[in-house]
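Please look over the sequence and the structure shown here, and keep both at hand while you read the paragraphs that follow.

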Amino acid sequence: MRPVWRAGVFVVAAVVAAIAIGAVRGVLRAAQSAVSATAALGQIDLTNIAMNFVDATGVTGPHGVAIDLANDHVIVADTGNNRVLGWASATAFARGGAADLVIGQTDFNSYACNQNAPAPDADRLCMPIAVAVDGMHRAYVGDTGNNRVLVFDDPFAALALHSQSADFSASAVFGQAGSFITNAANEGGISADSLQSPQGLAVDLAGNLFLADVDNNRVLVFFTPIPLTAISGSPGQAGDATADLVIGQADFTGSLCNQGGLVRTTTLCLAPFLGVGVAVDRADNLYVADTNNNRALEYNGTFGVAKFNDVTADLTFIGNGITLPSGVTADSVGDFYVASEPRHQVLEFTRPVTLGTPNLLNLKIGPGSVNPSAGSLRFPMGLAIDSSDNLYVADNANNRVLEFDEGTTPHNKFANGTGGQIDPNSNAPNYVEPIAMNSPRGIAADGSAPPQVHLYVADTTNNRVLGWADAASFASGKPADIAIGQPDLFSYKCNNGIAVGDLFGVGPDSLCRPERLAVDADGGLYVADAGNNRVLVYNTPFDAASGKPGAGDGVADFVYGQTGSFLSNACNAPAASAATLCNPQATAFDGAGNVYIADGGNNRVLQYGKPATPPAVSDAIAKRVFGQAGSMSAMACNAGGIGGSTLCNPDGVALDGKGRLYIADSGNNRVIEIDAPLTPNPPPSRVFGQQGSFNNRICNSGGAIDATTLCNPIGVALDLTGGLYVADANNDRILHFDPGFGGNPAASSVIGQGDASSFATSGCNRGIAPGDMGGVGADSLCKPFALAVAGSKLLVADTSNNRVLVYDRQVPTPTSTATPTPLATRTSTRTATHTAARTPTRTRTATVSRTRTPTPSRTTTRTRTATRTPTPTASPTPQPGGKLKWNPKAVKFGKVKVGNRSKVRVIRIKNTGHETLFGSVKAATGSSFAITSEAGPFSLPPKQSRALAVQFTPTRIGAEHGSVGITSGDPLRRSVSVSLGGVGN
């Protein structure tokens, strides 16, 4: 065990997971009888929850890149996965090859901050931003989330000599007074030994270390610190972890932006930012991205002991589009490169000669008209130059590192290589493949052709539906057999159709943001293709011999919502009617084969007759509407005011064997039941989630969460006895209601909140089972969106955990007098007696083969004849960039008795953008205020949120004030604060 040089206080770093957090209420529970899943599809085990598949090939939100010039080894700060990846060959890296080693994790499949431990050590990383390599091939890592810099002795030597590819231990630490198990910001106070959000790193030929200490608005220089001969020393001497020179501040105790005054050539303003870069050229000149001053600076070298060291900038790079510069680097002839993050560009300048004069701009790379492509960038961060003067760019929001052959082809604007992706036209987080999922939002089981049970999952963010031919074994990590909506099992883009006749990728073989799924009594798959404002029908995708037209493939055979055309995708073109849809969410069937569609964007549920064989365009014209007072042209949420017959953003729909209709009226935080017979504009007979009142719509009925409340219910399903399952998304749980619901239905059991009777709590990933990792495990949920019943099994789309969970024996067995099984949920209860041929045998450390499946030999040529030829409305391409939203802006605790703890108050942080948002929550200021959960660094996928629990414990009588600081990668909201106030009495 490595010795710890100074005892430190444990500072708990929040576990970074791309998760959404529900409202935090109630208290933590002692472990009781947890309801646990037995398998997870979309992940290799029950504790991994990353977007797509974490392996040696893909990356998420890389911030830094460095090249070992002696041998062109490449190392990348894979920030979103809390690790550093290393490639022994730059050529293999540029071809999208797999990394050879990983630092910060125990294997290539792990990704959690500090490996899910409550504190760091010499082996763990949390949100690494920057990397550098010295002349002895040591790797330096800016471990930003832990407020330190770690040094790893030549990891490639360990790879070559001992075949060590993971689980490396650091040999030295900067910023924590020699301790590997602390991570406090400015440990011991702001000094030459402290760090707060260290980011950019560079090492010159003499071994001097340059470090951007971002939240202290300074650059620190350490004179040849490695090998360390002492933990601390006096500034100006070599061989220790004490900084010897400070740039940007008047002394080692300053930390203000521009030293609290005007912008000068001796000041810096770096905070708040994620991705500040520094670099040194081969003449030992220093370059700094002075981010919030919208400039880059150059300081003449050389640096070191007994030399004059320059703390006044000698050259400035301004104008020419330099806005919030991040990465910087220089090539062998002194040409300078700087990344302008919000402009999505990298700029190259010839070396200027006079301070403050305009610099000659040679080249602009990006943003590119089509993204992703070889010529596009989105939020570029770290830059590096190899021994041939080729440029490497950490293209952060595109989840890749691009290589540009600038040495052999000067002024080249198009990447010649791509690391972290299989090609320059891909940019998904991590690796999209048959195991992977990214925010699955729909699930359906098909038992119409026993003994096989076909399983379908809407892999929503990957714009596809995955299918398993025989999912009877339900093994974790089992790869899918087919991908509907994509040309192969590795593609993921919206409207990526390749069929002859497709229009801009829109056609019968394309999907865009599929939501809930359903399977009819004949094995036909119905997909709510929400992004294309339609519902597609696929006749028996796994059974070409069924006799159905077009059976046995992934090409849709019928369409609802687009008047018979597979080539249009507009919402309500030209206006809402019985033939149109807008953002449809779910489909269900009754015993007579009638089709029901939850038309979320139009705030209604439509009923269609049973399709003819073969179906006609008239079969896609609705016969009845629920939620709009019988009008097929109305579309408002709660038209005329909240009531029993109104709807607002209905998300789920199901019918039982007696024809009763259940609608997840998510915008009204309720589920309504409409009893048969379903007459025009029928009033509902029962409401779930609103204390029996049809006139309420508040989340959790405006009170404490319990067995009768709901908050954003999205999915509904019926079990074999007529009991109701509800996916209570914002409470991160599944509720089950036994038959005989009563006037104010109360759930009989709960899944996702620990034991089966924990009705008083909510919150994402609050698992209590012994094998859980940071609350994530077989008994946890995070934003469950959909459910399905397969025999005695319950399947749950655990959306924000990027997986589908399988629960055995959760479905009651009907008695002889039980309600008949709904046709939409009938499945075979056969027990598998063989091992599925495709069940994987890899362990967590295995790496899947990276040979991409070629384009299928079958070319889709089927032509659809539309009844009209509309002008297609192309789906908008989301613009990248995480966007920070927080609420409330202030928290007032009121009067609290001195020494007592207040009630927990919640600050919600949300990413409203289209790319992962990285950031950090600082400890609360004010001695009486404390963040009790979710402090520290975070990464939030698009449209997801997390909740900070804050408490006030006054120590004296009188008013007290404090604040919670939030920094993020949102260029417009780099640093915000929430004010805290309370009165001790």
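In which loop is the place of F566? F566 sits in the loop between β33 (558-560) and β34 (584-589), where strands (E, at least two residues) and helices (H or I, at least four) are DSSP runs numbered from the N terminus. F566 counts as buried because its relative accessibility is 5%, and buried means under 20% relative accessible area, exposed over 50% and partly exposed in between (1.4 Å probe, protein chains only). Although F566 and G507 are 59 residues apart along the chain, their C-alpha atoms are separated by 4.9 Å.

This is a predicted model, in which local features need pLDDT of at least 70 and side-chain atom pairs count only at pLDDT 80 or more, while totals for chains, interfaces and linings use all residues. Residues are numbered from 1 along each chain as its sequence is written, and side-chain values use heavy atoms, with hydrogens and water left out.

At the N-terminal end, D154 caps α2, with a side-chain oxygen 3.2 Å from the backbone nitrogen of F156, and just after α2, S163 takes a positive phi of about 55 degrees.

How values were computed: A polar contact is a pair of N or O atoms within 3.5 Å; within protein, one must be able to donate a hydrogen and the other to accept it, and residues adjacent in sequence count only if both atoms are side-chain atoms.
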